[in-house]
Protein chains: 2
Amino acid sequence: MAQRVTLSPGDTIGILGGGQLGRMLALAAAGLGLRTHIFCPDPASPAFEVATSYTMAAYDDLVALDRFVRHCGAVTYEFENVPSETAAHLAAAAPLRPGVRALEVSQDRLLEKNFLTETGVSVAPYADIPGEQDLAGVLARFGGQGVLKTRRFGYDGKGQVMIQQAGDAAGALDRLGNAPAVLERLIPFEREVSVIVARDINGACDAYDIAENHHENHILATSTVPADVPDEIAAKARAMAVRIADALDYVGVMGVEMFLLPDGQDDRLLVNEIAPRVHNSGHWTQDACLCSQFEQHIRAVAGWPLGSCRRHLDVVMTNLIGADVDGWAGILSDPSARLHLYGKAETRPGRKMGHVNRVRPIR
Amino acid sequence: MAQRVTLSPGDTIGILGGGQLGRMLALAAAGLGLRTHIFCPDPASPAFEVATSYTMAAYDDLVALDRFVRHCGAVTYEFENVPSETAAHLAAAAPLRPGVRALEVSQDRLLEKNFLTETGVSVAPYADIPGEQDLAGVLARFGGQGVLKTRRFGYDGKGQVMIQQAGDAAGALDRLGNAPAVLERLIPFEREVSVIVARDINGACDAYDIAENHHENHILATSTVPADVPDEIAAKARAMAVRIADALDYVGVMGVEMFLLPDGQDDRLLVNEIAPRVHNSGHWTQDACLCSQFEQHIRAVAGWPLGSCRRHLDVVMTNLIGADVDGWAGILSDPSARLHLYGKAETRPGRKMGHVNRVRPIR
């Protein structure tokens, strides 16, 4: 059965996408004696510099994809918006891990919420908004408030409009380019948390400790582990992530973002979204665990057993966004800090340039 | 002053030598957003695959060296037998870290022992053996026993002859190709230990916890940390390594191998040899410390402050020599083990193919 293929040291993993996630995956693979081949259209891809080889081509260039996949024992990706034709084309030639189902579900907010609901995990109340005429009725049901989000291609707050008062609804869909959308009820959550879950080709599944996340301008600013939540909440969050991975027959690492509601609610954990890839809120694993999320993903994609998700340090991960990276020298002087830079030539506002993990012994 | 040059993220460090040490240095540099350029004559260099760029040329190819150094903000090396002309040529064009003095001293056992003695650290009794006629007299002084070693180019037991009884001396120098040699008195040591010491461009110096080393067939088999030695011995070993680094005005990471004599001796620690580079007996730092010896060396070479040498786990490093590497799958299944493979295509007896760090909480 093709899905049971396992790689050997010296084999090559193909990675779609050449950003920092692809770069850190390539570095982890190199530590295990595996080769990587990055496929990305961007000539300035930070992952090109550390991979064994790379192809610079468009994701719909089937000739380039064929040439690429011929050298790969397995293929993975660093972003969920892999075109479905690309995914299907590659999956026909080599094990694609995670598989096409994980991509389909995570690419479309409506399918994602339907899937999560069917899987038995809770999400915020939501409704399909195919067009302007559908918005008013749903808004009325949701108390006049909600977040309108495009079904596809949203990230870091892009493709969203907040509706908080009567006037906000008019023109909201226009501002999203009249793309198919969903309305989510506004959730008065207490905290944002996330789980990094990993699953291997035989269905063995494990999750790292949950992280408490803070966003600024819709971009992740910090992840703190341990999260300041009761143990039973943490255990439930991890169990939910495992349930989702099992339902997708998932192979690899997945990020699951959740909202924690205030005490007193029946369902205190609502899943916000899933990302079928290594996740920014899992970067802390690089320095607080023996096996990072990057090595974990590479192991699963290679068909190898998972490493341990056990954590041996407390940690706060802070993203270095835009000019934050200019503080690199100060970070290097902090003995409890580990600096990670992505090798991006150009600093731009809002651009993720690196991150720092600040550790301390487990309290 | 040229020796105070500091690099910025995005700059390039040149590395002479493309083996596993160069490879792990390149991976550490990439994590810090630095580029690397490997210089090595061997087309099968494992470091080529992970470096930003490489030059395949002989170490005495001055044209290639000039082209190489032009792109480098600083230059370092993974082996101590860099030809002195090569070192001098590069040092004239870019900061060479560690410097030429460290190379001169570590390339010649006689100079090394003279230097160590002058620095005030103890070594085993030794004598210069320029030729056959000098051997008998010294042997008589050393109780008829000793290890005859070539002054230059010895490693992993190569270039050595053991003299234990009367007949062994005859032809001993012949077997070393009549190269200039030193005789070392046989030391009835209790343990072999080593210290990985790091020093930055401003003279700040720190050492990792000492490792206890076991060799098989003259090749390092395991390093165990903590070493089973009294605290005051460990402290003295680290202080000796710092003293040596200071005396060399050293920049970078250095390995210092020592013999521990049985209790009751005045000087229980004798320095065996120094290696002006990252060292096999420091590979444990990759998983038991926040800042590995590889990152530490890269920081120093870049003119950056040192990271912390603090250890947060107990660890045993085991080298995977030759066919040992065939056990990779079993190692992956051990949750306390971290596998490191070097990407070498060909397994040969005695060849270092990888290593594994097995960790546990500090007792």
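1. Chain A is split into three domains: domain 1 covers 2–96, domain 2 covers 125–184 and domain 3 covers 191–361. The centres of domain 2 and domain 3 of chain A, taken over C-alpha atoms, are 29 Å apart. The model is a predicted one, and the points below should be read with that in mind.

2. Helix H10 of chain A spans residues 293–301. Of its 9 residues, 9 are buried, so the helix is largely enclosed by the rest of the structure.

3. Just beyond helix H10(A), the backbone at Gly303(A) has a positive phi of about 80°.

4. In chain B, 4 strands make up an open sheet, with the order E5-E8-E6-E7 and antiparallel pairing. At its edges are strand E5 (126–129) and strand E7 (160–163) of chain B, each of which pairs on one side only. On average, neighbouring strands of the sheet are turned by 20° against each other, direction ignored.

5. Strand E6 (residues 146–150) and strand E8 (residues 181–184) of chain B are joined over 4 bridges in the antiparallel sense. Within this part of the chain, Thr150(B) stands opposite Ala181(B) of E8(B). In general, the strands of a sheet pair through backbone hydrogen bonds.

6. Helix H5 (residues 109–119) of chain B lies across E5, E6 and E8, and runs at about 50° to E8(B). Helix H6 (residues 132–141) of chain B packs on the sheet and touches E5, E6, E7 and E8. The direction of helix H6 makes about 165° with that of E5(B).

7. On the relation between the two chains: chain B is superposed on chain A by a rotation of 180° with 0.0 Å of shift along the axis, at an RMSD of 0.0 Å. The two copies are therefore related as by a two-fold rotation axis. Among the residues of chain B, Val50(B) comes closest to the rotation axis, with its C-alpha at 2.5 Å.

8. The contact between the copies is shared in kind. Of the interface residues of chain B, 100% are also interface residues in chain A, so the copies meet through the same surface.

Note on methods:
Residues numbered from 1 in each chain as written. Chains lettered and ligands numbered in written order. Predicted model: local features only at pLDDT ≥ 70, side-chain atom pairs only at ≥ 80, totals over all residues. Pairing = 2+ DSSP bridges. Helix = DSSP H or I, 4+ residues; strand = E, 2+ residues; numbered from the N terminus. Axes fitted to C-alpha atoms, helices over the stretch in contact; angles between N-to-C directions. Contact = placed C-beta atoms within 7 Å. Least-squares fit on C-alpha atoms with pLDDT ≥ 70 in both. Buried ≥ 20, exposed ≤ 12 C-beta atoms within 10 Å, placed from the backbone. Domains from an automatic or database assignment.
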